[in-house]
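Subject: Handing over the structure

Hi,

Here is the structure I promised to pass on to you. Please open it alongside this email, and then read on for what turned up in it.

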Amino acid sequence: MLITICDDKNSLGAKAAETGARYIREAIEERGECNCAFVTGKSQIATLRSLAMESGIDWMKVNVFLLDEFLGLEKGHRASSSTFLYEYFLNLINGVGSFHAISSDPDKVDQTLKELNKTMKSHPLDVAFICIGENGHLAFNDPPADFDTKDAYIKVELEDRSRRQQANEGWFRNIQEVPKDAITMSIYEILGSKHIIISCPDQRKAKAVAMCIFDDITPLSPAASVRRSLDTHLFLDRLSACLVFSDQRKY
């Protein structure tokens, strides 16, 4: 895992986008297309905006996947991953080859998972743009995460710490409004990406970053699993990097 510490979240976003863009171009040059997955949230805004400004990418040759989606949200809800990605990325570029949204309809979970898992079998990921949750989750794989499933997408129940983060970021008025269930890309599928780009700014993520770097790789620390990837790039700002030089966490 290569760790890059930037001065602030904007320079972090630019560096992460530059690295990810290079791998997207390489995939298109080698195979004529690229499969990308994106996580959403405030930590990703600078990276997505910078990526949209990268030159030399034929986005019509890029297939876009989401890492997760809440179940039970009405269409267009500001906390929806689809809504977020359209606002901060897809609307800034001239279209993509395909966009695979995740249905938030709780009555269609089985159908949604069946379709997504079938699609992913023929679309192995080239680049996954991800982050680390405050509780150490990857996508919505909260601890204890399922390390055994080989399905690309699974249904999960969200931990209260994960739901509280969503409310604290302002996507919901309170934790009671945050859905308890979601569909997420599995740990197995994320780690299967050829390249992983992690954009993780802000002081509130410092302990989660330490989990990623220092914890044993177990279901109780999903973020640590990225160390199993053959090519992971972790981009931090000075605030999120404050605990990376040695394990200084206070338990």
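Below are some notes on the cysteines, the cavities and a surface patch.

One thing to keep in mind from the start is that this is a predicted model.

Let me begin with the cysteines. The count of disulfides comes to 0. Cys 34 has the sulfur of Cys 36 as its nearest cysteine sulfur, at 3.6 Å, and is in no disulfide; a pair would have to lie within 2.5 Å to be counted. Cys 34 counts as buried because its relative accessibility is 0%. Cys 242 is in no disulfide either, and here the nearest cysteine sulfur belongs to Cys 200, 11 Å away. With a relative accessible area of 31%, Cys 242 is partly exposed.

Next, the space inside. Searching the whole structure gives 2 cavities of 30 Å³ or more. The largest cavity holds about 280 Å³ of space. It is lined by 24 residues, and those closest to its centre are Val 39, Thr 40, Gly 41, Gln 165 and Gln 166. Strand E4 (68-70), helix H3 (81-88) and helix H5 (160-168) are the elements that each give two or more residues to this lining.

Finally, the surface. Met 1, Ile 3, Ile 5 and Phe 245 make a nonpolar patch of about 390 Å² there. Phe 245 sits in the segment that follows strand E10 (232-237). Its relative accessibility is 69%, so Phe 245 counts as exposed.

Happy browsing, and do write back with any questions.

Best wishes

Notes. Residues numbered from 1 in each chain as written. Predicted model: local features only at pLDDT ≥ 70, side-chain atom pairs only at ≥ 80, totals over all residues. Heavy atoms only, no water. Patch = residues over 30% accessible without salt bridge, like charges linked within 9 Å, V, L, I, M, F, W, Y side chains within 5 Å. Areas by Shrake-Rupley, 256 points an atom, 1.4 Å probe, with all protein chains shown as cover. Salt bridge = Lys/Arg side-chain N within 4 Å of Asp/Glu carboxyl O. Helix = DSSP H or I, 4+ residues; strand = E, 2+ residues; numbered from the N terminus. Buried < 20%, exposed > 50% of the residue type's maximum accessible area, 1.4 Å probe, protein only. 1 Å grid on protein atoms, 1.4 Å probe; cavity = no way out; pocket = protein on both sides within 12 Å on 5 of 7 lines; lining within 4 Å. Points joined across faces, edges and corners; volume = space filled by probe spheres on them.
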